[in-house]
Amino acid sequence: MGALQSSPGHPEYIDLSEKTGFSIEQIGVLHKRFKQLSHNEESLRREQFEEIPDLACNPIRAQIIEAFFDKRNYHQNGEGTVNEIGFEEFLVVMSHFRPPSLHITEEQLEKVRREKLRFLFNMHDTDNDGTITLEEYRHVVEELLSRSGALGKETAKSIADAAMLEVASISMGHMEPDEFYEGITFEHFLKLLDGFEIESKMSVRFLNMDTITLCK
Amino acid sequence: MDDFWAGVLWAVKIWLYLIVSLIMVPAMFGFSLGISETYMTILVKTLEWATLIQKANTDEETIKASPSNGLIQREDGSMEKELEELRRSRPKPPVGGDFTLSDCFYFTRRGIESIVDDEVTQRFSSEELVSWNLLTRTNNDFEYISLKLTLVYGLGIFVRYCILAPLRITLACIGLTWLVIGTSAVGLLPNWRIKSWLSEWVHVMCYRICARGLSATIRYHNRENKPKKGGICVANHTSPIDIVILCNDGCYAMVGQIHGGLMGIVQRAMVRSCPHVWFERAEMKDRHLVTKRLKDHVNDKTKLPILIFPEGTCINNTSVMMFKKGSFEIGSTIYPVAIKYDPKFGDAFWNSSKYSMVSYLLRMMTSWALVCNVWYLPAMHQKEEEDAVQFANRVKSAIARQGGLVDLQWDGGLKRAKVKETFKEQQQKKYSSMVVGDDSSNSD
């Protein structure tokens, strides 16, 4: 309903709320989760992410975890990676997955979409050269597909190559035989995923706090 | 100076006489004088009053989300359905190999969801309370509310640490000493029928004293389903105190590793009066030996039912985790028991990575009380078509349902170990079969 929960002990939440757009309640919940994951310490490290069993099953967990430590995602135009993050960085990275508020203009929606896509682009562009090269693309495909069993490394490689070719043909139109496609730039990426409703697909929705019933 | 010491001695004597007459004698003979009941009534009223005060002082309806419910809304679709949706917005059909960068969005979102809220990590820390129960240790987020509440809290500290704790520690020591002496004494008797009766009586009496030592109030339900001789009793595990809780109402044979020190003395004494199954450390690794010894014990119909905790580790009493199949392969009747503690009066969960056994016991003795419900479930047998793992899961679900706990498939060993690589490979296999499967239908 919008009534501010009275949490007198957390004035810093108001700052964070303005910065990231989460509500005070959601920040409280995420802070609890942060403390749970970091075992009540002030900062989180990569190993503590790896302790989450659900995440361990995810084929691209390495990239997801890395995204938290990637300075490009902190909205401060930084580069490179860090080894530990505090609650503020955790929240800023999480805010990329916040569903957009319902009443925003088309322009703002476009901005939100661009931000989410930038996050995903950064996840795959690991050397930060502005393009997703064939190598990086292959790496993603390998991670997602099974290394053991029916799919050998060669098959994964050929799938990646084929997909890359397709991307090239979409972005560049017709290419000369000796032209070399360097990689997917951010602009190509945007073009590829134009019309893709990323704001709904890449959002994590918090349950409405009012309707959760107390257990016992 | 002498007078002072004489006075102290006199006080200690009176103290001991009081304990013996008011607590030990009723415990020995199984009746109650009503002292604990009065204490519990006062306690319950106090906590209710405290909750009311807290509610009155918060301005609006701030409902705290309990962490055992979901925090986020998850998509219900399976991997296939979601990837289908993601691909629908592709400009043209794929050439070779149905793979596209947008496929990883599904995994990315799932990954972030797991980071925000997952079912397992929260089970290894204490359950969160809805409103404060006036103990310092549960005072995480609750701020100063009113003077009355703080006064009661202060009084509570005094009562718990200065009156209750010494009383309980005395009782626990007496209980354990009596266990050792009593069982050794019974063990000296020749094997008459009266020996087993005496041994049961000594065991139950000592456990009753220990239970008084924790101010435990236990409610047993469905006692007609109590485990019988020649069976195996399985229960969910929250702390070592589970043993005291269950043995207050019947005699069981324990299974475990022989320790040194005080535990070892107790174990060796217990085995003199009635057979328990203790293993040396080296023997525990040999699964066949363990199974054989358990089988032998079970097949001897004069021996007591075995008590086993198949989870293998302590969980925080909000859920039941994977049962290890070892005890379900023995082939005897299984008597499931569900134990649920009431967290308002004290947190019974032993977080062994945070607290040692001694500090855990001290925490137990300085809580308000220990209130729990024990449900005896009807006996279960392994069915023809099911294997040990399915049988274990069936028993686990029955226990979870009765106790109001969440039924999880995860292994309690995750408290200390990491998830095996095989889980990640399963997801990879599933996804790759989608990609390659489509490929074979497309290429021609």
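This report covers salt bridges and cysteines in a predicted model.

## Basis

The model is predicted, so local features need pLDDT of at least 70 and side-chain atom pairs count only at pLDDT 80 or more, while totals for chains, interfaces and linings use all residues. Residues are numbered from 1 along each chain as its sequence is written, chains are lettered from A and ligands numbered from 1 in the order in which they are written, and side-chain values use heavy atoms, with hydrogens and water left out.

Over all chains, the structure holds 13 salt bridges. A salt bridge here is a side-chain nitrogen of Lys or Arg within 4 Å of a carboxyl oxygen of Asp or Glu.

One of them pairs B:Lys292 with B:Asp296. Their closest N and O atoms are 3.1 Å apart. Both residues sit in helix α10 of chain B, residues 287-299. They are 4 residues apart there, which means a separation of about one helical turn. Helices are DSSP runs of H or I with at least four residues, and strands are runs of E with at least two; both are numbered from the N terminus. B:Lys292 is exposed, at 52% relative accessibility. B:Asp296 is partly exposed, at 41%. The classes are buried (under 20% relative accessible area), exposed (over 50%) and partly exposed (in between), with a 1.4 Å probe and protein chains only.

B:Asp300 and B:Lys303 form another salt bridge, at 3.8 Å from N to O. B:Asp300 is partly exposed, with 29% relative accessibility. B:Lys303 is also partly exposed, with a relative accessible area of 24%.

## A network in chain A

Salt bridges with shared partners link A:Glu41, A:Arg45 and A:Glu47 into one network. Within it, the side chains of A:Arg45 and A:Glu41 meet at 3.8 Å, N to O. What is the accessibility class of A:Arg45? A:Arg45 counts as partly exposed, at 27% relative accessibility. A:Glu41 is partly exposed too, with a relative accessible area of 38%.

## Cysteines

How many disulfides does the structure hold? The count over all chains is 0. The cut-off for a disulfide is a pair of cysteine sulfur atoms within 2.5 Å. B:Cys206 is in no disulfide. The nearest cysteine sulfur to B:Cys206 belongs to B:Cys210, 7.0 Å away.

B:Cys206 is buried, with a relative accessible area of 1%. B:Cys372 is buried as well, at 1%.
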